[in-house]
Amino acid sequence: MTLLHPSGASRRTFVATAGASGLAALLAACGGSSSGSGGKGSSGSAAGGHGTTLGSTADIPEGGGKIFTDAKVVVTQPSKGEFKAFTSVCTHQGCQVAGVSGGTINCACHGSKFSIEDGSVKHAPATSPLEELKLDVTGGKIKLA
């Protein structure tokens, strides 16, 4: 005996259609994830846009860094006068990194740590580096290039 849904479709067809619709919605929601490859030069950066002024060089401690939460960028100064920028979105599960200390950019969600020099992974669970971003440092001001 075949049971029919009020729309006239068989139960099997109705369940399959509902399942496919739910799967499509789930995949669409996951499609915008920022936990992709995190490789340098990828075009899907979640970081602030070209020309965005982040702050002053005086705000970035030597051997440390500062997180610009709204722009999703962390700027570091590994050595005097050398400034680097990385996306502040952890490559493990997409959390915002929480701080910069001890020569690393630190994610509080699961303990991942990244080098302030090149964004490479210094402590798992992340396996991909933070994406490096280009900077324009002029007259004591730091902007995304």
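Which strand is Gln77 found in?

## Gln77

In this predicted model, Gln77 belongs to strand S3, which spans residues 73–79. Gln77 is buried because its relative accessibility is 7%, and the cut-off for buried is under 20%.

The side chain of Gln77 reaches the backbone nitrogen of Gly81 at 2.9 Å. Setting aside neighbours within four places in sequence, Gln77 is in contact with Ile60, Pro61, Glu62, Gly63, Gly64, Glu82 and Phe83.

## The S1-S11-S10 sheet

Three strands make an open sheet in the order S1-S11-S10, with antiparallel pairing. Strand S1 (53–56) and strand S10 (135–138) are the edge strands, and each pairs on one side only. From one strand to the next, the twist averages 20 degrees.

S10 and strand S11 (residues 141–144) run antiparallel and are joined by four bridges. Thr138 stands opposite Lys141 in S11.

## Cysteines

The count is one disulfide. Cys95 and Cys109 form it, with sulfur atoms 2.2 Å apart. The link is left-handed, at -110 degrees about the S-S bond. The pair links distant parts of the chain, 14 residues apart. Cys95 sits in the loop between strand S4 (82–87) and strand S5 (99–101), and Cys109 in the loop between strand S6 (104–106) and strand S7 (113–115). Cys95 is buried at 19% relative accessible area, whereas Cys109 is partly exposed at 40%.

Cys107 is in no disulfide. Cys90 is buried at 1% relative accessible area, and Cys107 is buried at 6%.

Methods: Residues numbered from 1 in each chain as written. Predicted model: local features only at pLDDT ≥ 70, side-chain atom pairs only at ≥ 80, totals over all residues. Heavy atoms only, no water. Helix = DSSP H or I, 4+ residues; strand = E, 2+ residues; numbered from the N terminus. Buried < 20%, exposed > 50% of the residue type's maximum accessible area, 1.4 Å probe, protein only. Polar contact = N/O pair within 3.5 Å; in protein donor to acceptor, adjacent residues only side chain to side chain. Contact = heavy atoms within 4.5 Å. Pairing = 2+ DSSP bridges. Axes fitted to C-alpha atoms, helices over the stretch in contact; angles between N-to-C directions. Disulfide = S-S within 2.5 Å.
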